[in-house]
Amino acid sequence: MPPTFSRSVTDPHACEELLTLWLTVLACKGDPTLDPGRVVAHRLNRAEYDNTVRDLFGTALRPARDFPADDFGVGFDNIAEVLSISPLHVELYDHAANALVDELFGTGLVPPVTTTFEAESGDVRADLGSVWDVTGWVLWTEGAVQSTVWITDAGDYTVGVDAFGQQAGDEVVRMAVRVDGAEVAVFDVPAVDAPAHHEVRLALPAGSHTIAAAFTNEYKQPPADRNLIVDRLQITGPLDVPRVPSPSRGRVLTCDPAEIGEPECAEQIARTFGRRAFRRPLTEPEVAAKMRHYGVVREAGGSWEEGVRALLQGLLLSPYFVYRVEPDPWTGPRALNGYELAARLSYFVWSSTPDDRLLDLAQSGALDDPGVLAAEARRLLDDPRSEALVDNLAGQWLGVRKVDEARPSAAVFPEWDSGLHASMRTEIAAFVGNVLRSNRSALELFTTDETFVDARLARHYGIPEPEGEGFAAVRIPERPGLLARAGLLSALAYPTRTSPVIRGSWILGNMLCAQPPPPPAGVLPFEDAPSEPVSMREQLAQHRENPACASCHDQMDGLGLALEGYDAIGRSRTVDDYGFPVDTTGELPNVGSFDGAAEMQRTLVSDPRLPACMVKKVFTYALGRAPTATDDPALAQLGTQFAASGYRFEDLVLDVVGSQAFRWRSGEAP
Amino acid sequence: MNIGRRSFLRGATVALALPFLPSALSRRTWAQAVSSPTRMLFYYVPNGIQTDWFTPDTVGPNYDLKEITAGLDPVRQHVSVLTGLANLQAEDPVAGDHARGTGSFLTCVPIRRTTGSDIANGISVDQVAANAKGHESLFPSLQIGIQPGGNTGDCTAGYSCAYTRNIAWAGPTTPLPNLTDPILLFERLFGAETTLDPATRLLRARGRSSVLDEVLAETVTLQSRIGAGDRAKLDQYLTAVREVEVRAGSLGGGACAKGEMPRNELSYPEHVSVMQELLVLALQCDLTRVATFMLGEAASNQTYDFIGVPGAHHAISHHQGQAQLIADLVQIGAWEVERFAELVAKLADTPDGDGSLLDSTLVCWSSEIEDGNAHSHRNLPVLLAGSGNGMHLPGRHLVYENERPIADLFLSLLQGFEVDTDTFGADGATPIADLAG
């Protein structure tokens, strides 16, 4: 039976002292009346896996790009309960571990990379000709299509051209392949219906190269006409280039076996690399187990490096590497230990593994001090690795990754090409990063006219091109705010036209956490195919006459219609997809009415749901779990702090890190 | 008991049990399986099919071909069209038919509507088959797909992406993701191109075996220190590592005559062809006997510019009776059926035992809905190719009534595969009698 203390306190000073003491206890130890919630064993998702091996090995390999797409829950791909694992994952982990160790020791070959240019796309230049049947480029008289590629490694490459011909006369269509203007191969192109692959192998120095396919035997005796149709250009390499040992091998191979002895050095690696891989020191039995892998290989006659390979694989396939695990010694809440806190913090801010400094602070116990934890959070935010918050948190919440999904129809938007797409992706990441990472008010996301464009995007926006190469900061007063970025507008559209419903629904769900429910039974997505010319606004108005539709469409239509001044690839326009003049007026019920994207975004900023939703999104992502009703007090508290800080994003990150939900967990009976 | 005696006994049990098997169908299966094992493939196409341009007018053999099925002409004798089968488990008055139709495509149970952490489905027919027979080949089952999955979490109408991306389910909460990269699939089947000497390879196999043993031991120990929810997560890992361990050290398909390593950066139609060829190779080399193939994810918005259909598949599929959009869909459907016909022809041209690979294989092709406009799960477009060692007499148009559950078809296939069961999914209880002719 625990001792009980009971005395009546009459002295007001004593009362105050006790209260202060109790508050101090709460600050350090947590409030026992708050449920900190529970996160299950958290499998590293693709972004976390890639960042983790980048920081462990100093590698540029991104093995997780080949992993299956991660499962999503509540809008994010880092929700522990949802992330599942299959035999395919384990095989790909094994594959990845091999590739990482190969690179470390410099065994094997430099992996070849293939770059493809579709001939009809904007990435390929042509002297003459035209698009052929949407998928190729026809050279109707002698001429060439060409593209430019940057090569980082010198070596052998294959240059490939997929092409076919319209045959006429007594010769077969002939094609010359040129690299940097010099002819490197000539092919007969007998294929007539579908492209055939032609390739030539040659040595190339590092740097910029042009590759071209040219039609060289024009023949025309109407109606007979000989033409070359190029489907795509490709370059693959470097081929058969042996790797050299990784320059950052010292990060993993922390000792020299010749100096301190082979098994001794292997054991040192198991301990130092193991501590980073497991995000905590290995226990003695664990060290012994990893050394057994080393021993098995050495006894079979393997070299020291082969033994260390097995040891490293043992670490990279361990559940302690693949999962972030927080054991439950008892049922009920407990404070996380320093290592667990270090991992939560680094995976929140960096989507990566804790660095040595965080692990050292965990080991010394310093990280248990909320002040030290806050200072470390600040340090992590100031590190370039915190760009992960833009890629992953904002990537999913604010639509940065969404831009990748834009798929405009080449037939309707011939101006679209991968270069423009890439510029849009760069812009939105820079735009979001500019607000979030300089600790300005997060509400500026919807009001700032400061953004970043290159020449291609400037032309797209119809503003003067910046001087010099690459991206420059510019102000576009007529197009402020996140929701007017061309990449987001392109992603939130059908391939051939805009959809105010898609745009409005996304804004409600991601910005206001008020995702409308799916349409009720028997309702068809009317706007996919209007049977007669009707303006978009009119179609939506008709739709809202049905009360079953109105309850949600009243909320989302206005938001989407305010963006109708931008087409399905984000260009300004005055006429909609059905030929009607654009009308961008609308309202957000109970909040306000607006005309155009800028006013609509200002209306959003005046909606108290916006900051509350920001808190909820950041909290969800930070913990990797869906908030529950027991989190309401914590969310309300964070909302108050967020308002008091002037809605500064980085302050919100720090407040979440300081919250009890972040520093504690609820146990569950084993 | 020593191993030799145990396996002798197991063999004897099988031999003794056979004469008591209930149907002539099963005996025939067994008789042919002596030379060639039975294989099952499940092939998924997204967004439904315009059945008016698909369903034959005539019933029985020598059925007539429509615009969408025209591509079946060279393989018609190998393919049956099944009309009238339904997956009522996917019916629900609310939106989300693509997710429901795909989630329960091979499980035939209702899926739980959620975008959160509490997904719930059943076990899919391919996995029931793999659990029974998978140990006889290197890969108990393969999941192959074309679309690698999006980078953001917006799937459809309140349903998790797990339902829209996966048709193979090892259990209610364990979807099995598709391998979509042709080079990785090739390497998984046949091993990476390697210049390693045999001694090093042997050495590494020993190291790897030591590692996998230890990983299993570590996982088991860890499970005693964590809560029930975490333990369920780690169970998935344990299962996965065990399956991989069984394969460890095997030469894989390296011994089988293998094709050329596929090229990188393929166009969509090339990607489909290459994945289908690798699938055939996997069967030919007996690396697996059960596989699923997803031509796209649920409600795929693949564009078909290359056959002159601009716009996105799912968007077009809501045609609302418009002639141009229907014509586009018929074109897309015909292209999809041509790909299937290519696969069937390839299986028919691949020798296996005394006959062709198609003789021992059964390929079931369908979509998550009837057609893209109506979103019904009642009259699913179904093609069945190959004989599966006598399970199916191909080349006929078979018509079923009263919304007969497609789960009955799956039950028949499982029984033909010698799985000891008399139900499947929520409504599979009566095997289809006329399947074998």
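A: Happy to. One handedness to begin with: the torsion about the S-S bond of C255(A) and C265(A) is about 100°, so that disulfide is right-handed. Keep in mind that this is a predicted model.

Q: Where do C255(A) and C265(A) sit in the chain?
A: C255(A) is in the loop between β13 (224–239) and α4 (257–260) of chain A, while C265(A) belongs to helix α5 (residues 262–278) of chain A. The bond therefore ties together parts that are 10 residues apart in sequence.

Q: And how far apart are the sulfur atoms of C255(A) and C265(A)?
A: They are 2.1 Å apart.

Q: Are C255(A) and C265(A) buried or exposed?
A: C255(A) is buried, and C265(A) is buried as well.

Q: How many disulfides are there over all chains?
A: The count is 2.

Q: What's the handedness of the link between C513(A) and C613(A)?
A: That link is right-handed, with 75° about the S-S bond. It connects distant parts of the chain, 100 residues apart. C513(A) lies in the loop between α16 (500–512) and α17 (536–544) of chain A, and C613(A) lies in helix α20 (residues 609–623) of chain A.

Q: What about the exposure of C513(A) and of C613(A)?
A: C513(A) has a relative accessible area of 30%, so it counts as partly exposed. C613(A) has a relative accessible area of 1%, so it is buried.

Q: What pattern do the disulfides of chain A follow?
A: Counting bonded cysteines along the chain, the pattern is 1-2, 3-4.

Q: Which cysteine has the sulfur closest to that of C108(B)?
A: It is C364(B), and at 9.8 Å the two sulfurs are too far apart for a bond. C108(B) has 0% relative accessibility, so it counts as buried.

Q: Switching to helices: at what angle do α9 and α11 of chain B cross?
A: Roughly 30°, and the axes of α9 (residues 268–284) and α11 (residues 323–349) come within 10 Å. Because angles under 35 degrees count as roughly parallel, α9(B) is roughly parallel to α11(B). The crossing of the two helices is right-handed.

Q: Which residues meet between α9(B) and α11(B)?
A: On the α9(B) side they include Y268(B), V272(B), L279(B) and L283(B). Among those on the α11(B) side are W335(B), F340(B), L343(B) and L347(B). The residues of this contact divide into 10 nonpolar, 2 polar and 4 charged.

Q: One last spot. Where is P245(A)?
A: P245(A) is in the loop between β13 and α4 of chain A. Its relative accessible area is 42%, so it is partly exposed.

Q: What does P245(A) contact, leaving aside its neighbours within four places in sequence?
A: P245(A) is in contact with E103(A), L104(A), F105(A) and G106(A).

Q: And how far is P245(A) from D102(A) in space?
A: The distance is 8.6 Å, C-alpha to C-alpha, and P245(A) and D102(A) are 143 residues apart in sequence.

Definitions and conventions. Residues numbered from 1 in each chain as written. Chains lettered and ligands numbered in written order. Predicted model: local features only at pLDDT ≥ 70, side-chain atom pairs only at ≥ 80, totals over all residues. Heavy atoms only, no water. Disulfide = S-S within 2.5 Å. Helix = DSSP H or I, 4+ residues; strand = E, 2+ residues; numbered from the N terminus. Buried < 20%, exposed > 50% of the residue type's maximum accessible area, 1.4 Å probe, protein only. Axes fitted to C-alpha atoms, helices over the stretch in contact; angles between N-to-C directions. Parallel < 35°, antiparallel > 145°, perpendicular 65-115°, else oblique. Left-handed = near helix turned anticlockwise from the far one by under 90°. Contact = heavy atoms within 4.5 Å. Nonpolar A, V, L, I, M, F, W, Y, C, P; charged D, E, K, R; others polar.
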